[in-house]
Amino acid sequence: MDQSFAIQETLADGQTCLIAVQGILASEESVESRLLGLVRTHGEHALFLYTHRRMAITAEDVCLERVVPITEGFAAEEVTPDSDLHIIGSDVTVQISSEDAQLVVRLPFGSHTRMFLQEMSRCRPAVVGSEDISENENSLIVNHSWSHNSDDKATPRQTKSKMDATTEMARSSSGMVSDNACILSEQKFGLRDTIVKSQLVLKEDSYTYLQNFRFFIGTYNVNGQSPKESLLPWLSNDVEPPDVYCVGFQELDLSKEAFFFNDTPKEEEWFKAVTDSLHPDAKYAKVKLVRLVGMLLLLYVKADHAVNISEVEAETVGTGIMGRMGNKGGVAIRFKFHNTSVCIVNCHLAAHTEEYERRNQDFRDICSRMQFCHSDPNLPPLTIDKHDVILWLGDLNYRLEPLGLEKVKMHIEKEEFQDLYQYDQLKKQMDAKAVFDGFTEGKITFQPTYKYDTGCDDWDTSEKCRAPAWCDRILWKGKNISQLSYRSHMTLKNSDHKPVSSIFDIGVKVVNEELYRKAFEEIVRSLDKMENDSIPSVILSQREFFFKDVKYMQLQVETFTIRNGQVPCQFEFINKLDEDNYCKEWLIANPNSEMTIELELFVNKSTATRLNSGEEKLEDILILHLDRGKDYFLSVMGNYLPSCFGSPIQTLCYMREPIRDMSAESIRELTLLPLQMSGDIFRDEKPLDIPKELWMMVDHLYRNASQQEDLFQQPGLRSEFEQIRDCLDTAMLDTLLGSNHSVAEALLLFLESLPEPVICYSLYNNCLHCANNYTSSCQVVSMLPMCHKNVFNYLMAFLRELLRNSGKNHLDVNILASIFGGLLLRPPLQHPTPDVTEKRKAQQFIEQFLLREGNSP
């Protein structure tokens, strides 16, 4: 995930975030995560440090802490503290010095860190006319001539090395940036390099051989507990030490702070517990750690293998409520081991027996949204499926059905695991090819790993009395993989789950350097002749595209193919004259393979309002540019079906008919009406008190979901949201289809999509000032336009009704105020990004109305 976008949203005009990286800021008092952004302002540069949520997507997720100017006194040097000896070959520790700051930052091992450090080196003011590389092998400062021109474009994010430099860096483990870093930033790959690389891939079998390495894969749902017992019975249960450890945890922390703010002290506790329990007969280096809320994934290798690990990247995907919250989802680490690409995924899918379709959707979301930065910036991001070896672990949460509790226990007592396995939801879904298509799971010879009473081996005796299930699983995909063991570890009793492990022998492609050199020379010789025979040219299968009946938040995809002549060519989509982007905000061009391009059209809250009103139409021209060739123009058009999502409250109150039944002219007229304050009259007819679409959703939840557990915290199904949206936009049905969770999520998405929030932008600061004064807060609400005030009072009454049933639905004031505070009370568009204090005031403002039953303002 490129977190520079979140930083860019916080910057002023004229400031550009060139690149961002997440790191650990170490001090004597604490060790805390920070987001570092390299920012350019009119030819000058500075390092911006932000506190942040782990998943920094927008400006709301970051808060500026300090700015370190990159001036003559600025220096950055790689250091290796004694305490970090256990991670040699992985993370990079950098000491940053300036006139008024001394910082020690640990940055993650991988190509993105190397890119960040190179860019920081290039931004340091240089001695005019000089190009000097420090003799200190650990120095990160490479001085180049630098022309300070405020009209220059942003520095390129990354350039490529010569092949020998790339090979040397891939083999080096002593530091990600050394004297070779300057070589990496000097020369771009051209067409010739692209062809050489593709031919080397085709000839890979001629210069590599398979060598088996032993992988340990482990998964453990720890139910929010801290480590209270040794993990040796789980992690070091075999005589032979593994070459690679991949250890995943779920539910690391179940606190509300972890859920909403993504911070937890338990990360360090479990990291230390794992490190202390690795096999005692080998020395290991930590390659990478990645966490999203309660999901944690750790990767270790034997220290002598660290030199053969390269291209390490980590990413996270949240699939919780609104597709963003990280209480459910996945974390992944990808890397190259010798010449084999490996991807490790740790996931926690949706809970509850009946939610298997939601689990299937979570899996598909992780696969589609998990994208890794490629070491070559000219190539599209890597997806999970683009790896030689995929190892998938975690709490998949699939249950046993339709057996009753007693029958399940009877099969377990008789150790009839294969008979019981026939009722396993994951098996059924894999047999139907609905999920994990192409993956393999070993034979299960151990009893279900969930659910136990904590501290013993007794099955769940709580009020819910959950039936046993194999929730914790390990699967794989790829060639040359042999599973040696697949087992649970009953001796660990810290959680209501039992940990699971698997040992694999994996055939890894190892390069024979002499054969590699011969293959490389043969390709170069043949390329010399080929380059003289052809110039780039392509044939496009289609140049005009029409997207029919586009709907709010419903992806449509059109594909076309590119066929080239004798020589492979490079292409890119370029910006049109006087435009900042190559396409409109609602369109994405996504390379799907070497010759197929997907055009993805997706309308969300940022584009729906102008499309509803007709101010913007689904029309665009894409320019496909060939390197050393001509440009091709692609026409993109479509028709958008207007929706209540993205429409103003006032507009909807004047619509007595479904929005799809209204003419485009009527919708445009109502959408462009000025916001009607108290006493203003713009039209003859009296508006509805509240939008009928809002009433349908709230009334459905009031009648069916007042006692629903996890309401507003568990996501619904995307297919059901689409049915709900169509029902609201067409009024074809009197009742909403779909589960309570889907209707609840639709309500949140509706509020989020409002172009003017329920509490108008103009009253935002007033609300913050009176967040602790109920009387003043009521006065502010009374100043709202009538339709906005009615909606606010209606929602508060509904939420108070939910709180009366908190014994059943487990909701409390903090949860509802946190969720609805950010939706009902949003800062104006030009307002600085709210800090934590400001967000808590917004939450407190809503809490006042949830705790009091008084007269409506």
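A residue is called buried under 20% relative accessible area, exposed over 50%, and partly exposed in between, with a 1.4 Å probe and protein chains only. The model is predicted, so local features need pLDDT of at least 70 and side-chain atom pairs count only at pLDDT 80 or more, while totals for chains, interfaces and linings use all residues. Residues are numbered from 1 along each chain as its sequence is written, and side-chain values use heavy atoms, with hydrogens and water left out.

The chain has 857 residues, of which 54% count as buried. Its secondary structure consists of 26 helices and 30 strands; these are DSSP runs numbered from the N terminus, helices being H or I of at least four residues and strands E of at least two. Contact here means heavy atoms within 4.5 Å. Among contacts in the chain with a separation of 6 or more, 70% are between residues 24 or more positions apart. The accessible surface comes to about 37,800 Å², and carbon and sulfur atoms hold 48% of this area. Accessible areas come from the Shrake-Rupley method with a 1.4 Å probe, and for residues only the protein chains shown count as cover.

Next, the interior. A nonpolar core is a set of buried Ala, Val, Leu, Ile, Met, Phe, Trp, Tyr and Cys residues joined through side-chain atoms within 4.5 Å. The largest such core has 102 residues, and the members that touch the most others are Phe712, Leu751, Phe792 and Phe845. Helix α23 (residues 786-804) supplies the largest share of this core, 9 residues. Setting aside neighbours within four places in sequence, Phe792 contacts Val758, Ile759, Val781, Leu784, Leu824, Phe845, Ile846 and Phe849. Another core lies apart from this one; its 46 residues include Ala306, Val331, Leu403 and Ile444.

A further case of burial is helix α15 (residues 605-613), where Thr607, Ala608, Thr609, Leu611, Asn612 and Ser613 are buried. Their cover includes β30 (631-640) and α17 (664-671). Just after α15 comes Gly614, with a positive phi of about 85 degrees.

What about the cysteines? A disulfide is a pair of cysteine sulfur atoms within 2.5 Å, and the structure holds 0 of them. For Cys343, the nearest cysteine sulfur is that of Cys367, 9.1 Å away. Cys343 is buried, at a relative accessible area of 0%. Cys456, by contrast, is partly exposed at 22%.

Lys493 is in the loop between β21 (481-488) and β22 (500-511) and is partly exposed, with 27% relative accessibility. Not counting residues up to four places away in sequence, Lys493 touches Glu229, Thr454, Gly455, Cys456, Asp457 and Lys498.

Val557 sits in strand β25 (residues 556-564) and is partly exposed, at 38% relative accessibility.

Some backbone details remain. Glu401 and Pro402 are joined by a cis peptide bond with omega of about 5 degrees; Pro402 is in the loop between β19 (389-395) and α11 (405-413). A cis peptide bond also joins Tyr450 and Lys451, with omega of about 5 degrees, and Lys451 belongs to the loop between α13 (425-431) and β20 (472-478).

Positive phi values occur in residues other than glycine as well. His338 has phi near 55 degrees and lies in the loop between β15 (329-337) and β16 (340-348); at 18% relative accessibility, His338 counts as buried. For Asp710, phi is positive at about 65 degrees. Asp710 is in the loop between α18 (692-704) and α19 (718-730), and its relative accessible area of 24% makes Asp710 partly exposed.
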